[in-house]
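Hi there,

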Protein chains: 2
Amino acid sequence: MNQPLRALPILLIVASLSPASRAQDRAADGPRYDAGGKLIRPLDYREWVYVTSGLGMTYGPAQAAAGQPPRFDNVFVNRESYRRFLASGKWPDKTMFVLEVRSADSHVSINNGGHTQGGLLAIEAAVKDTTRFPDTTWGYFSFDGRDGLADAAAPLPTTATCYACHKKNTAVEQTFVQFYPTLFDVAKRFGTVRPDYDPSRKP
Amino acid sequence: MNQPLRALPILLIVASLSPASRAQDRAADGPRYDAGGKLIRPLDYREWVYVTSGLGMTYGPAQAAAGQPPRFDNVFVNRESYRRFLASGKWPDKTMFVLEVRSADSHVSINNGGHTQGGLLAIEAAVKDTTRFPDTTWGYFSFDGRDGLADAAAPLPTTATCYACHKKNTAVEQTFVQFYPTLFDVAKRFGTVRPDYDPSRKP
């Protein structure tokens, strides 16, 4: 047997273990858990891919109470899942979203109108994991702790409102892609908008 | 002469040309120019590092006119410069910012209050380049074209208001780091906030 043919099986094994191959079914840069199974709050999420922001949205448990000043929410997703969504309109298993809530400040520096982003108020997360969450597919997390942000969090109980709201009101899978201006078009192109998504539905 | 010693000069040459060495003074993932010297509009800026958003800020030439609905502006910076700023509080040469302006929509889907981000309205850029802009250090660009976004843009003339405003009102170098909630603290820690920065100054 000549040298190139002898090398072929090794090449095939290497190819089958490559990140590109593993990446077919799950994202490699998504959630990490501690020894107790809690989701670790990622410290580098500001280097993940930015998806969108809202101001004063009635969105999620960290929304401001009525009469309180509005808040910004910034949404980030792990880079690999973002790229996979661009190529398919679908979120791979192990996709992780981070929702960052910040104060909305006004009259900062030369800014005479509108709002700029201020201090961090809350961090929440959503994770797609068909193994960990066989009944709900996605798990939802809050890193609110007694003394500020917690380093890790257990999933919220499935009775939390986020589960029912994400299941009922989202445009793509259980994600609010209708609010992600660059990604909603991707989903429309790939035909992955849920057939039951009704843009006029109010909760 | 033995083999290891013969290889040494080559290793030194390779080391002196390595990305890590070149990265000391300029970012490698920043601006790209076409053959005519125009700045190429990056197609992947949404995968750069998100810095902040504002809503209805009186910021830049793409601001909404009085009486018009407010607009979101999202700011992105090239990844290498972001990481260098985290480590030094300074922007390396070839730093590039992208300012993306989007409509602020209301009552989209389940959202009953506040604003969500809609269609793209404008893209602008700021580039630090001491060679191309020896007098101003930074160059400012607008990708507004007759038929939508231009693929490339020449720097705005130095008489454009952005040059004077960035020179006078910014907190770090010629950048509005006072509006970047995660980076202003970095600049304070490294002592790179401009001594003449006055947070109460209005234009």
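In chain A, the axes of H3(A) and helix H5 (residues 181-190) approach within 8 Å and cross at roughly 40°. That angle makes H3(A) oblique to H5(A). On the H3(A) side the residues that meet H5(A) are A:Tyr82, A:Phe85, A:Leu86, A:Ala87 and A:Ser88, and their counterparts in H5(A) are A:Leu183, A:Val186, A:Ala187, A:Arg189 and A:Phe190. Please keep in mind throughout that this is a predicted model.

Chain B has its own version of this pair: helix H3 (residues 79-88) and helix H5 (residues 181-190) of chain B have axes that come within 8 Å and cross at roughly 40°. H3(B) is therefore oblique to H5(B). Here the contact involves B:Tyr82, B:Phe85, B:Leu86, B:Ala87 and B:Ser88 of H3(B), with B:Leu183, B:Val186, B:Ala187, B:Arg189 and B:Phe190 on the H5(B) side.

Which residues of H3(B) are buried? They are B:Arg79, B:Ser81, B:Tyr82, B:Arg84 and B:Phe85. The cover over these buried residues includes H3 of chain A, along with strand S2 (49-55), strand S3 (71-77) and H5 of chain B. Just after H3(B) comes B:Gly89, which takes a positive phi of about 75°.

Back in chain A, helix H3 also holds A:Arg83. With a relative accessibility of 46%, A:Arg83 counts as partly exposed. Its C-alpha lies 9.4 Å from that of A:Val49, although A:Arg83 and A:Val49 are 34 residues apart in sequence.

**The chain as a whole**

Chain A has 5 helices and 9 strands. Starting from the N terminus, the elements of chain A follow the order α-α-β-β-β-α-β-β-β-β-β-β-α-α. Chain A has 203 residues, of which 47% count as buried. Among the contacts in chain A with a separation of 6 or more, 57% are between residues 24 or more positions apart.

**How the two copies are related**

Chain B superposes on chain A by a rotation of 180° with 0.0 Å of shift along the axis, at an RMSD of 0.0 Å. The two copies are thus related as by a two-fold rotation axis. Which residue of chain B comes closest to the rotation axis? It is B:Tyr50, with its C-alpha at 3.0 Å. As for the interface, 100% of the interface residues of chain B are also interface residues in chain A, so the copies meet through the same surface.

**Strand S2 and its partners**

Strand S2 (residues 49-55) of chain A has 7 of its 7 residues buried, so the rest of the structure largely encloses it. Within chain A, S2(A) runs antiparallel to strand S3 (residues 71-77), and 6 bridges join them. In this pairing, A:Tyr50 stands opposite A:Phe76 of S3(A).

A:Gln117 sits in strand S5 (residues 115-128) of chain A. Is A:Gln117 buried or exposed? A relative accessible area of 4% makes A:Gln117 buried, since the cut-off is under 20%. Beyond its close sequence neighbours (those within four places), A:Gln117 has contacts in both chains, including A:Ser53, A:Phe72, A:Asn74 and A:Arg102 as well as B:Tyr50, B:Thr52, B:Phe179 and B:Pro181. The side chain of A:Gln117 makes a polar contact with that of A:Asn74 at 2.9 Å, and another with the side chain of B:Tyr50 at 3.3 Å. B:Tyr50 is the residue already mentioned for its place by the rotation axis. From A:Gln117 to A:Phe76, 41 residues away along the chain, the C-alpha separation is 16 Å.

The other is A:Asp93, in the loop between helix H3 (79-88) and strand S4 (96-105) of chain A. A:Asp93 counts as buried, at 12% relative accessibility. Its side chain reaches the backbone nitrogen of A:Thr130 at 2.9 Å.

Happy to talk any of this through once you have had a look.

Best wishes

Note on methods
Residues numbered from 1 in each chain as written. Chains lettered and ligands numbered in written order. Predicted model: local features only at pLDDT ≥ 70, side-chain atom pairs only at ≥ 80, totals over all residues. Heavy atoms only, no water. Buried < 20%, exposed > 50% of the residue type's maximum accessible area, 1.4 Å probe, protein only. Helix = DSSP H or I, 4+ residues; strand = E, 2+ residues; numbered from the N terminus. Pairing = 2+ DSSP bridges. Contact = heavy atoms within 4.5 Å. Polar contact = N/O pair within 3.5 Å; in protein donor to acceptor, adjacent residues only side chain to side chain. Least-squares fit on C-alpha atoms with pLDDT ≥ 70 in both. Axes fitted to C-alpha atoms, helices over the stretch in contact; angles between N-to-C directions. Parallel < 35°, antiparallel > 145°, perpendicular 65-115°, else oblique.
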